[in-house]
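The tour goes stop by stop.

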Amino acid sequence: MKTKRLMTMVLGVVVGLIANAQTPKLLGKHHAMHCVEVTNHYLLLPVQEQEENATIRVLAGGQEMQTLNVRLAVNKVDYYVPLDIKRFGDKELLLDIVFHGDRRFTGAMKDFICWKEMRQSDEFDTANRERFRPVYHHTPQYGWMNDPNGMFYKDGVYHLYYQYNPYGSQWENMTWGHSTSKDLLHWEAQPLAIEPDALGAIFSGSCVVDEKNNQVVALYTSAGQSQVQSVAVSKDNGMTFEKYAGNPVLVSTEEDFRDPKAFWNADIQKWNLILAVGQEMRIYTSDNLKDWNYESSFGRELGCHDGVWECPDLMKLPVRGTDKQKWLLICNINPGGPFGGSATQYFVGDFDGHKFTCEHKDTRWMDYGKDHYATVTFDNAPDGRKIALAWMSNWQYANQVPTKQFRSANSVPRDLDFFEYNGQTYCGVTPSKELLALRGKATNKLSQACEIVLDVNGSTEVVLSNSLGEQVVMKYDAAERTFSMDRTRSYASFSEAFPCVTTAPVYGNIHQLRLFIDRCSIEAFDAEGRMAMTNLVFPQEPYNNIKVKGNAKMTIYDLATNK
């Protein structure tokens with residue numbers, strides 16, 4: 001990923017770093033104040049992931065400028081995160097810090113290593129230091145990422161916002177991060193888009209291109225004492241947003257009330273909004289994206305209810321080989337996935353702009369891997385396409401996966417449509433055509449970033465392995481019409497929930513398999529879009545051997561990019 005405002009440096013360069021000479025004022029067992037004389041752009045905060053969060057209030061001239069939670073280092077520094085202190089304008093800041101860890105385990109506050117390691121700099125090192133950072137999947141430069149948010153396309157540019165913690169590589173301080181791309185493959189980091197305010201952290205939501213008013217409108221959940229819905233408007237194609245003075249625009253007595261997905265419904269000439277509320281979805285209409293009328297609720301008696309419903313999406317899609325169109329309702333759920341933890345379920349039916357009616361009673365999953373969640377689509381995508389991205393992780397172990405500089409990636413982009421099988425309509429998931437541009441010359445060797453294409457005729461088994469005995473086994477069973485992936489022999493010491501075998505139904509016969517391999521992931525697709533499976537893997541050395549059993553012709557394409 002290219003950098004924008006946060007510049008890269010060679011790891012270990014300390015030129016320009018100025019250690020703060022002030023000593024902290026200790027006010028109790030857990031409370032300290034630390035005076036910072038602003039000399040540089042960033043204050044580099046040392047993080048130790050095993051520690052509890054410390055709450056830091058940034059004060060300037062007696063006014064609170066920002067509050068954040070950081071796992072400040074006690075006796076070991078895992079990495080640093082930058083706090084932009086120049087933007088506050090004052091020559092001197094006061095950090096009011098409350099530590100929440102147990103002193104029986106942390107020791108005396110005066111001895112914490114964070115006081116010595118807290119430094120200032122005009123730059124922050126974002127050069128990649130992670131062997132598991134993907135080559136061609138989107139990742140944040142540093143810090144934690146989960147749900148994709150507010151995705152839209154305008155004037156040749158795809159905008160991807162995401163749930164982001166700028167102050168650590170575990171979940172906290174939810175903010176909208178921002179990246180842009182012209183091809184869905186190469187992403188450029190942008191400054192933070194929407195930051196927490198007095199209404200709370202910035203949870204998931206959506207953006208719409210409001211062509212009538214020549215603006216981009218974001219709807220998102222403000223998560224403070226309660227979860228409420230807020231609006232922000234961009235006049236510069238999503239680069240900066242101004243929050244609506246009348247926020248919040250939607251409130252509820254429900255505890256889980258979040259993740260608004262808005263879209264223009266040409267059938268009724270109104271804006272629609274679908275919102276996750278506990279274990280159902282609520283649907284609203286509006287003429288102006290601010291005043292919303294409740295229309296109906298969906299889902300109480302349908303689908304999986306083993307967890308909280310989240311991150312909805314609702315769209316009209318064509319049915320292959322027909323002139324029919326139907327509606328797809330996406331519902332992400334955590335926990336309750338078919339193999340534990342989080343996953344994406346969906347419903348097929350009809351929507352009249354006011355009420356969604358489902359045409360089936362069985363539970364259906366968009367992806368049968370363990371690492372596919374928070375799936376949503378781009379607004380205003382070209383040619384009427386519905387292009388989806390997912391968060392490529394699982395809440396069972398997302399905070400523990402073996403990376404530190406960053407955590408989490410997005411899936412490869414996928415185009416959605418419908419196909420029919422045995423009188424039923426299912427969601428088709430096909431790798432987006434842009435991925436073809438990544439292909440290098442065909443080869444017979446595995447690499448850390450490649451696409452394996454298998455033209456199959458009947459049952460097929462694929463085994464990826466390395467010299468350490470680690471392996472992943474994928475099987476297409478033509479008789480049972482299933483596809484499975486076994487990662488029980490993948491590195492998994494960070495979580496007991498990680499080893500698993502995931503199995504997907506196949507609706508018909510698979511003729512071609514497409515396997516997308518990156519440094520920490522495998523995404524398997526039926527080339528006709530009737531099966532998708534996304535799983536993380538963390539091989540301690542890259543898989544360098546492949547064995548194929550069955551009547552199959554294999555082609556391997558290297559997918560190295562200039563990312």
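In which strand does K326 lie? Select strand β23, residues 325-334: K326 is there. Helices (H or I, at least four residues) and strands (E, at least two) are DSSP runs, numbered from the N terminus.

Before moving on, note that this is a predicted model, in which local features need pLDDT of at least 70, side-chain atom pairs count only at pLDDT 80 or more, and totals for chains, interfaces and linings use all residues. Residues are numbered from 1 along each chain as its sequence is written, and side-chain values use heavy atoms, with hydrogens and water left out.

**Stop 1: around K326**

Stay on K326. Is K326 buried or exposed? K326 is buried, with a relative accessible area of 16%. Buried means under 20% relative accessible area, exposed over 50%, and partly exposed in between (1.4 Å probe, protein chains only). Now show its contacts, meaning heavy atoms within 4.5 Å. Leaving aside neighbours within four places in sequence, K326 touches M315, K316, L317, V319, V348, G349, E359, F418 and T425.

**Stop 2: the whole protein**

Zoom out. The protein has two helices and 40 strands. Its radius of gyration is 24 Å, close to the 24 Å that the globule rule gives for 563 residues, so the protein is as compact as a globular protein of that length. That radius is taken over C-alpha atoms, and the rule is 2.2 Å times the number of residues to the power 0.38. Along the principal axes, the C-alpha atoms fill a box of roughly 70 × 60 × 45 Å.

The accessible area is about 22,400 Å², and 47% of it belongs to carbon and sulfur atoms. It comes from the Shrake-Rupley method with a 1.4 Å probe. Of the 563 residues, 59% count as buried. Among contacts with a separation of 6 or more, 62% join residues 24 or more positions apart.

**Stop 3: aromatic rings**

Select Phe, Tyr and Trp. The whole structure holds 35 aromatic pairs. Rings (for Trp, the six-membered one) pair if their centres lie within 6.5 Å; planes under 30 degrees apart count as stacked, over 60 as edge-to-face and the rest as tilted.

Pick Y142 and Y164. How are the two rings arranged? Their centres are 6.1 Å apart and their planes at 70 degrees, so the pair is edge-to-face. Y142 lies in the loop between β9 (119-121) and β10 (143-154), and Y164 in strand β11 (residues 157-165), so the pair ties together parts 22 residues apart in sequence. Y142 is buried at 8% relative accessible area, and Y164 is buried at 4%.

Next, select F132, Y397, Y491, F494, F498 and F538: they form one aromatic cluster.

**Stop 4: backbone exceptions**

Most residues other than glycine have a negative phi, and most peptide bonds are trans.

- Go to P248, in the loop between β17 (242-243) and β18 (257-265). The bond from N247 to P248 is cis, with omega near 0 degrees.
- P335 sits in the loop between β23 and β24 (343-351). The bond from N334 to P335 is cis, with omega near -10 degrees.
- N173 is in the loop between β11 and β12 (175-181). Its phi is positive, about 50 degrees, and N173 is buried at 11% relative accessibility.
- Finish at R481, in the loop between β34 (471-477) and β35 (482-489). Its phi is about 55 degrees, and R481 is partly exposed at 33%.
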